[in-house]
Amino acid sequence: SHAHEWRSANLIGSGRIAEGIKEIERAESLDPLSLRTKTLVSWTKSQAHDFEGSLAKAEEIIALEPNYPQGHLQ
């Protein structure tokens with residue numbers, strides 16, 4: 001899943017938003033309980049200007065682990 005996270009970040013940074021979203025979604029499907037990956041999904045959605053999706057993912061993170069600071073930062 002980490003390789004897909006990094007690939008997603010590279011694509012997002014290159015302006016290839018749709019491809020970046022697909023990669024981060026693939027990462028999450030490979031490791032669905034990873035708070036780190038979910039945080040990156042939230043960040044990716046924010047970068048894609050999908051603010052509602054980003055907030056929904058952050059709320060999912062907080063529901064899973066209320067003491068995980070990144071969930072609140074997202």
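H3 and H4 are roughly antiparallel to each other, a label given to angles over 145 degrees, while under 35 counts as roughly parallel, 65 to 115 as roughly perpendicular and the rest as oblique. Their axes come within 7 Å and cross at roughly 160°. Here an axis is a line fitted to C-alpha atoms, for helices over the stretch in contact, and angles run from 0 to 180 degrees between N-to-C directions. The helices themselves are DSSP runs (H or I, at least four residues; strands are E, at least two), numbered from the N terminus.

This is a predicted model, in which local features need pLDDT of at least 70 and side-chain atom pairs count only at pLDDT 80 or more, whereas totals for chains, interfaces and linings use all residues. Residues are numbered from 1 along each chain as its sequence is written, and side-chain values use heavy atoms, with hydrogens and water left out.

**The H3 and H4 contact**

From H3, the contact draws on Leu35, Lys38, Thr39, Val41, Ser42, Lys45 and Ser46. H4 brings Phe51, Gly53, Ser54, Lys57, Ala58, Glu60, Ile61 and Leu64. Contact here means heavy atoms within 4.5 Å. Sorted by class, these residues are six nonpolar, five polar and four charged. In this scheme Ala, Val, Leu, Ile, Met, Phe, Trp, Tyr, Cys and Pro are nonpolar, Asp, Glu, Lys and Arg are charged, and the others, Gly among them, are polar.

Is Lys45 buried or exposed? Lys45 counts as buried, at 18% relative accessibility, where buried means under 20% relative accessible area, exposed over 50% and partly exposed in between (1.4 Å probe, protein chains only). Apart from neighbours within four places in sequence, Lys45 is in contact with Glu25, Asp50, Phe51, Gly53 and Ser54. Ser46, also placed in helix H3, is partly exposed with a relative accessible area of 24%. If residues up to four places away are not counted, Ser46 touches Phe51 and Ser54.

In the loop between H3 and H4 you will find His49. His49 has a positive phi of about 65° although it is not a glycine, and at 61% relative accessibility it counts as exposed.

**H1 against H3**

Helix H1 (residues 2-13) packs with helix H3 (residues 35-47) at an angle of about 15°, their axes 11 Å apart. H1 and H3 are therefore roughly parallel to each other, and H1 passes H3 in a left-handed crossing. On the H1 side, the contact uses His2, Glu5, Trp6, Ser8 and Ile12. These meet Arg36, Thr37, Leu40, Trp43, Thr44 and Gln47 in H3. By class, this contact has four nonpolar, five polar and two charged residues.

**Salt bridges**

Side chains of opposite charge can pair when their charged atoms come close. The structure holds seven salt bridges, each a side-chain nitrogen of Lys or Arg within 4 Å of a carboxyl oxygen of Asp or Glu. The table lists some of them.

| Salt bridge | N to O distance |
|---|---|
| Glu5 and Arg36 | 2.8 Å |
| Lys38 and Glu28 | 2.8 Å |
| Glu28 and Lys57 | 2.8 Å |

Glu5 pairs with Arg36 through a salt bridge. This pair links distant parts of the chain, with Glu5 in helix H1 and Arg36 in helix H3, 31 residues apart. Glu5 is buried at a relative accessible area of 3%, whereas Arg36 is partly exposed at 38%.

Lys38 and Glu28 also meet in a salt bridge. Lys38 lies in helix H3 and Glu28 in helix H2 (residues 17-30), so the pair ties together parts that are 10 residues apart in sequence. Lys38 is buried, with a relative accessible area of 4%, and Glu28 is buried too, at 13%.

Glu28 has a further salt bridge, with Lys57. Lys57 lies in helix H4 (residues 51-64), so this pair with Glu28 of H2 ties together parts 29 residues apart in sequence. Lys57 counts as buried at 11% relative accessibility. Which residues are linked in a network of salt bridges? They are Glu28, Lys38, Lys57 and Glu60.

How values were computed: Left-handed = near helix turned anticlockwise from the far one by under 90°.
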